[in-house]
Amino acid sequence: MANERISPRMAGAAADDARLRKTSLSSFAHYADRLNASIRAMEATGRGRICLSPDEAFEELCRLTEAVLTTRGTIFFCGNGASATMASHAAADLEKNALVRTDVFTDPALLTAVANDICFSEVFAEPLRRKMRPGDMLVAVSSSGNSPNVLKACTEAKVQGGSVVTLSAMGPDNQLRSAGDLNFYVPATGYGLAESAHALILHYWIDRTVENVGSAT
């Protein structure tokens with residue numbers, strides 16, 4: 001994606017971000033404006049890097065989720081640091097409120113065992129080899145979009161026959177942005193903005209899923 005053209009929406013967001021960055025910490029309203037600009041500039045792509053509107057992307061995400069529910073499959077989550085806490089939060093909400101079977105790799109014993117005995121880049125991919133089944137889903141979250149362990153998890157999920165959904169930010173040429181069957185990219189330049197935007201994406205998906213499950217019962 002290094003040679004990908006920057007869309008007018010992203011170019012506009014970059015200009016807005018540069019303008020707002022100068023004053024974003026002078027008041028909460030300015031910071032919120034900067035976050036809003038990043039969210040509105042979100043770009044989504046499907047297989048083959050096909051561009052999707054936000055609504056089209058969430059419709060596809062809901063379709064993928066419904067497919068997992070129908071087969072009583074599992075939605076796996078992975079991420080590092082703050083992205084790991086978001087992954088854990090989303091997994092808990094989906095399982096409790098939407099009755100979706102989830103699994104998230106945040107157990108310190110498992111993570112340190114794999115990191116120590118194999119390598120840290122395998123901490124998500126190795127458990128996926130043992131647990132993932134065809135038709136399951138992986139949701140991979142990374143602000144930078146270049147975390148080796150997250151990228152390896154995406155590769156392994158596809159090997160196991162699962163679908164992959166990614167959330168990334170920072171540079172438009174980050175590797176995770178093209179690693180999934182469905183990719184959400186937010187052109188946020190700071191971790192706080194990236195993580196807040198990712199949290200909004202996850203919560204909107206969760207609320208949509210809860211609503212869909214409720215209407216089907």
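Mentor: Begin with a cut-off: a residue is called buried when its relative accessible area is under 20%. Keep in mind that this is a predicted model.

Trainee: Is Ser143 buried or exposed?
Mentor: Ser143 is placed in the loop between E5 and H7. Its relative accessible area is 4%, and the limit for burial is under 20%. Ser143 is therefore buried.

Trainee: How confident is the predictor, as an average pLDDT over the chain?
Mentor: A pLDDT of at least 70 is reached by 88% of the residues. Residues 1–5 stay under 50, and the model has eight contacts for them beyond four places in sequence. The average for the chain is 90.

Trainee: What is the order of the strands in the open sheet?
Mentor: The chain has eight helices and seven strands. The open sheet consists of seven strands with mixed pairing. Strands E2 (51–52) and E4 (102–104) stand at its edges with a single partner strand each, so one side of each has no neighbour in the sheet. The order is E2-E1-E7-E6-E5-E3-E4.

Trainee: Which strands pair with E6 in the parallel sense?
Mentor: Strand E5 (residues 137–142) pairs with E6 over six bridges, where Val139 has Val165 as its bridge partner and Ser142 stands opposite Ser168. Strand E7 (residues 182–185) pairs with E6 over four bridges, and there Ser168 stands opposite Tyr185. The parallel partners are E5 and E7.

Trainee: What is the handedness of the β-α-β unit made by E5, H7 and E6?
Mentor: The two strands of the unit, E5 and E6, pair in the parallel sense. Helix H7 (residues 148–159) belongs to the unit along with them. The unit is right-handed.

Trainee: How many residues of E6 are buried?
Mentor: E6 spans residues 163–168. On one side Ser163, Val165 and Leu167 are buried, and on the other Val164, Thr166 and Ser168 are buried, which leaves both faces covered.

Trainee: Which element gives the most residues to the largest nonpolar core?
Mentor: That core has 36 residues, and Ile75, Phe77, Val139, Val165, Phe184 and Trp205 touch the most other members. The elements that give two or more residues are H3 (54–70), E3 (75–78), H4 (82–98), E5, E6, E7 and H8 (191–216). With eight residues, the top contributor is H8.

Trainee: How many residues are in the second, separate core?
Mentor: Its members include Phe105, Val150, Ala153 and Val164. Val164 is also one of the buried residues of E6. The second core has 18 residues.

Note on methods: Residues numbered from 1 in each chain as written. Predicted model: local features only at pLDDT ≥ 70, side-chain atom pairs only at ≥ 80, totals over all residues. Heavy atoms only, no water. Buried < 20%, exposed > 50% of the residue type's maximum accessible area, 1.4 Å probe, protein only. Pairing = 2+ DSSP bridges. Right-handed = clockwise from strand over helix to strand, strands pointing away. pLDDT = per-residue confidence, 0-100. Contact = heavy atoms within 4.5 Å. Core = buried A, V, L, I, M, F, W, Y, C linked by side-chain atoms within 4.5 Å.
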